[in-house]
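Student: I'd like to learn how to read pockets and surface patches in a model. Can we work through one together?

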Amino acid sequence: KSWNTKDVFNHNTARTRGFGGKISFAVERRSKGIKCRQKYAKKAEWKRRPTQTRRKGLMQPVRGMQDFLPKKMAKKQLIEDTCRRVFEKYGFSPMQTPALEDFEVLSKKGTAGEDVKEEIYYFKDKGDREIGLRFDLTVPLARIVASNPAMEKPFKRYQIEKVWRYDKPQASRYREFTQADADIIGVKSVKAEFECIAVAAD
């Protein structure tokens with residue numbers, strides 16, 4: 001069908017700023033004239049502008065967590081290196097344990113029991129096993145000592161790793177943070193307590 005310039009605006013495909021797709025003009029003949037309707041045809045690969053897709057908080061860390069950019073990370077690294085130097089100066093050896101522990105192990109600390117679920121990151125894995133993120137470094141240490149009865153004593157270890165607690169985030173209080181521990185296992189003498197105090201003072 002032929003059209004004159006008075007009947008249509010532009011039947012050719014056009015593009016507009018801010019849209020990656022095409023705009024087509026469909027023309028319909030009606031009793032009182034011609035009505036033009038714009039149809040925005042969006043391609044599957046069409047991408048919106050970043051400002052259109054971002055929702056508030058989408059690009060922020062999970063609540064209670066924080067990013068460490070180079071300048072801040074350098075300060076954190078200095079503190080951790082200082083702790084390592086002092087720990088090793090007093091004869092403590094480094095140790096590392098998994099971030100995940102069986103919930104049964106985590107629930108053994110104190111008298112919290114099942115109620116500790118409200119204070120930690122708890123979930124079930126694909127094997128329906130109850131798992132939790134460690135909330136301190138003492139529980140993994142206790143597990144290791146209990147599972148290695150033949151361990152040579154005294155056992156002096158230090159650990160600098162991340163832990164997680166499902167607390168209410170506050171100023172300078174995060175749900176993910178780094179903890180530094182130094183412990184002496186298998187010594188009855190009070191000298192072990194004095195040594196830990198000296199480490200803290202140093």
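Student: Which residues line the largest pocket?

Tutor: Before the list, one caution: this is a predicted model. Now the general idea: rolling a probe the size of a water molecule over the atoms shows where empty space is left. Here, the largest pocket is lined by F68, K72, K75, K76, I79, E80, C83, I160, T178, Q179 and A180. Its volume is about 200 Å³.

Student: And which element gives the largest share of that lining?

Tutor: That's α2, with 6 residues. α2 spans 70-89, and along with β8 it belongs to the elements that each supply at least two lining residues.

Student: Where do those elements sit in the overall pattern?

Tutor: Reading along the sequence, you get β-β-α-α-β-β-α-β-β-α-β-β-α. That makes 5 helices and 8 strands. As for contacts with a separation of 6 or more, 59% join residues 24 or more positions apart.

Student: Let's move to the surface. Which residues form a nonpolar patch there?

Tutor: V190, F194 and I197 do, and together they have about 320 Å² of accessible area. For the whole protein, the accessible surface comes to about 15,300 Å², with 52% belonging to carbon and sulfur atoms.

Student: Take V190, then. Is V190 buried, partly exposed or exposed?

Tutor: Compare its relative accessible area with the cut-offs: under 20% is buried and over 50% is exposed. V190 has 47%, so it counts as partly exposed. You'll find V190 in the loop between β8 (176-185) and α5 (191-201).

Student: How much of the protein counts as buried?

Tutor: 24% of its 202 residues.

Technical notes
Residues are numbered from 1 along each chain as its sequence is written. This is a predicted model: local features need pLDDT of at least 70, side-chain atom pairs count only at pLDDT 80 or more; totals for chains, interfaces and linings use all residues. Side-chain values use heavy atoms; hydrogens and water are left out. Helices (H or I, at least four residues) and strands (E, at least two) are DSSP runs, numbered from the N terminus. Buried means under 20% relative accessible area, exposed over 50%, partly exposed in between (1.4 Å probe, protein chains only). Contact means heavy atoms within 4.5 Å. Accessible areas come from the Shrake-Rupley method with a 1.4 Å probe; for residues, only the protein chains shown count as cover. Patches are made of residues with over 30% relative accessible area and no salt bridge: like charges are joined within 9 Å, nonpolar side chains (Val, Leu, Ile, Met, Phe, Trp, Tyr) within 5 Å. A salt bridge is a side-chain nitrogen of Lys or Arg within 4 Å of a carboxyl oxygen of Asp or Glu. On a 1 Å grid over the protein atoms alone, a cavity is a set of points where a 1.4 Å probe fits but cannot get out, and a pocket is an open set with protein on both sides within 12 Å along at least five of seven lines; lining residues have an atom within 4 Å of a point. Grid points are joined across faces, edges and corners, and a volume is the space filled by probe spheres set on the points.
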